[in-house]
Amino acid sequence: MTGKIFKSIVTVAVAVLCCSLLFVMGVLFGYANDLQAMQLRDELSIAAAGTEQAGLDFLEALDGSHYRITWVQPDGTVKFDTHAQTARMENHLQREEIQQALGYGSGSAVRHSDTLLEKRIYEATRLSDGSVLRISASQKTLWVLLSGMVQPVCIVVVLAIALSAFLATRVSRRLVEPINQLDLEHPMENDTYEELAPLLNRIQQQHLKITSQMQSLRQKSDELEQITANMREALVLLDRHGVILSMNPAAAGLFQADSDCIGTPFLTVERNPEITAAVDEAMRDGRCELKRARGGRSYQFLFSRITSGTEVVGLVILAVDVTEAENAERNRREFSANVSHELKTPLQSIIGSAELLENGLVKPEDTQRFIGNIRKEASRLVLLIEDVIRLSHLDEGVQLQKEDVDILDIAEEIAQSLRIPAQEKDVTIHVTGEHCTFPGVRGLVFEIVQNLCSNALKYNVPGGRVDVSVKKQDGHVVFSVADTGIGIPPEHQSRVFERFYRVDKSHSRASGGTGLGLSIVKHAAQYHNAALKLESTPGKGTTVTCIF
C-alpha cells in the first residue's frame with residue numbers, strides 16, 4: 001500500500017509539473033510573439049514616416065541587422081531592400097502582406113522556414129504614393145525554444161521528482177502507519193481516520209461472527225475428541241490421499257502408533273497388504289469389510305468412503321473388537337450341543353428302561369432295579385434343568401432381592417448336610433472362621449458354597465479333608481474351600497468354570513454331576529462383583545477362594 005501511494009504521488013507530481021511547464025512556456029511564447037509584432041508595427045510606422053519625408057536616404061541610413069525593410073512599388077517591383085540587391089529580387093505583388101497593404105492600407109503575414117525551426121513575421125503599410133513599405137524579423141519556433149531549455153527543464157524536473165519522492169515517502173508512511181497499527185482484535189477501540197469507521201464496524205461484526213463460529217467448532221471438536229477418545233472401537237480418519245487426519249487412542253493401541261503419526265500416510269503405520277488392499281477397495285467401491293486377528297484378539301474392520309457431492313474427500317476406518325461376541329457365539333453353540341447331549345443321555349436311559357418294562361422283558365426280581373434307574377436318571381434330568389434355568393436367570397441379569405448374608409452360617413449349614421456323604425467317602429469337613437455379613441442374594445451365595453463344598457467332597461480321596469474358612473481381610477469377606485483331593489491339571493484350570501466342561505468325564509458322570517456347578521459359581525460371584533481364585537496341584541488338592 002505504501003508503494004502504491006508513493007508511485008501515485010510521484011506520478012501526479014511529475015505530470016502536473018510537465019503540464020505546468022508546457023502551459024507556461026506556451027503562454028510566454030504567445031506573449032513574446034504578440035510583443036514582437038507590436039514592436040515591428042511601431043518600427044514600421046517610424047520607418048514609413050521617415051520614408052515619406054526623406055525617401056531612400058532615410059532607408060539607407062537605417063541599421064537593419066535585427067530586422068529587414070523592403071520598399072515595394074505598386075506594380076510589385078522591389079525598390080529597396082536592406083538585405084538583398086533589388087535587381088535580383090522577384091516581384092512581390094503576390095505576397096500576402098503586400099496584397100493586404102495595397103487593398104486595406106496594412107497587412108501582416110507569418111511564413112515558416114523549410115526546416116520548421118524558424119519563422120518570419122511580416123508587417124506592411126501603404127505609403128501616400130501607393131507603394132508599400134514592409135518590415136520583417138525572424139522568430140524561433142516553440143520547439144527550438146524548448147530544445148534550448150532542455151538543461152534547466154531537466155534540472156527542474158529532477159529536483160521536482162526528488163522533492164515529490166521525499167514528500168510522498170513521508171506522506172505515505174504517515175497515511176499507512178495508523179492503518180498498520182490497527183488492533184483488529186478490538187476494531188471499535190481504534191482511534192484512526194473517520195473514513196475507516198464503516199470498515200472497522202464491518203470488521204467488528206465479522207470478528208464477532210468468526211469468534212462465535214470458532215467457539216462452536218471448538219466445542220464440537222472437543223465433543224468429538226472426547227467421544228472418540230473414550231470409544232472402545234478403533235477409529236481412524238484418512239484424507240483422499242491416504243494421509244492420517246485423526247486417530248483415537250484405541251486405534252493407536254491397535255496399530256501400535258503414536259501421536260506423531262498424524263499427517264503421515266497410513267501405509268507407514270499399517271503395512272499389512274490385506275488392510276492396504278481393503279483401503280484401496282473402499283476408496284474405489286465405497287465400502288469394504290474385513291475380519292482379522294490382532295494381538296490374540298479378533299477384530300472386524302469396516303472401511304467407508306467419505307464423499308462431498310461427487311468428490312471423494314476421505315475414508316473412515318472402524319475396527320470393532322468382536323472377540324467377546326465370537327466367544328459368546330462359540331459358547332452358545334457349545335452350550336446348545338452340551339445341553340442336548342446331557343439331556344439325551346438320561347432320556348435314552350429312561351426310555352430304554354421303560355420300553356423293557358413295557359414289553360415284559362424284565363425279570364420280576366429286576367423290576368425294582370429298572371424302576372430305580374428311571375427315578376435316578378429322572379432326578380439327574382431335573383437337576384440339569386434346574387441348573388440351566390439358574391444360569392439363564394444369571395445370564396439375563398435378573399435383579400434379585402438382596403439381604404444381609406452371613407456366609408459362615410451358610411457354610412456350617414451345608415457342611416452339616418454333607419456329613420453323611422462325607423462319612424461314606426471317609427472325608428472330614430471342617431468349617432472355621434468368623435461371622436461376616438454383607439449385602440447379597442442368599443440363594444446365590446448358597447449355590448456358591450454348596451457347589452464348591454460338593455465338588456471338594458466328590459473329587460476327594462478316602463481319608464481326605466475339606467477345610468472351609470471365612471474371614472475378613474482389608475474390608476473384604478474372604479471365603480475359601482480347600483480339599484486334599486485329586487487336583488486339577490494346569491492345562492484344565494483355566495476352563496473348569498466353563499459350562500459342561502469336565503476334566504474327567506467318566507468320574508464326573510459316575511458322581512452324578514451336571515457339569516454346570518462351577519459355571520453357576522462363576523456367574524453368581526460375578527453377580528456379587530466377587531473375585532474367584534483357583535489354586536490346584538494334581539494329586540495334592542485344590543483351593544478355591546471367593547472374595548466378596
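In this predicted model, a salt bridge joins R95 and E90, whose closest N and O atoms are 2.4 Å apart. R95 is partly exposed at 23% relative accessibility, whereas E90, at 51%, counts as exposed. The structure has 14 salt bridges in total.

A second salt bridge worth a look is formed by R111 and E97, with 3.1 Å between the closest N and O atoms. R111 belongs to strand β3 (residues 106-112) and E97 to helix α3 (residues 96-104), so the pair ties together parts that are 14 residues apart in sequence. E97 is buried, with a relative accessible area of 0%, while R111 is partly exposed at 27%. Together with R134, these two residues are linked in a network of salt bridges. R111 also meets an aromatic ring: its charged end sits over the ring of Y122, 4.0 Å from the centre.

Turning to the aromatic residues, the structure holds five aromatic pairs. The rings of F301 and F303 have centres 6.4 Å apart and planes at 20°, so this pair is stacked. With F438 in strand β13 (residues 437-440) and F548 in the segment after β17 (541-547), the pair ties together parts that are 110 residues apart in sequence. Both F438 and F548 are buried.

Definitions and conventions: Residues numbered from 1 in each chain as written. Predicted model: local features only at pLDDT ≥ 70, side-chain atom pairs only at ≥ 80, totals over all residues. Heavy atoms only, no water. Phe/Tyr/Trp six-rings, centres within 6.5 Å; stacked < 30°, edge-to-face > 60°. Helix = DSSP H or I, 4+ residues; strand = E, 2+ residues; numbered from the N terminus. Buried < 20%, exposed > 50% of the residue type's maximum accessible area, 1.4 Å probe, protein only. Lys NZ or Arg CZ within 6 Å of the ring centre and 35° of its normal. Salt bridge = Lys/Arg side-chain N within 4 Å of Asp/Glu carboxyl O.
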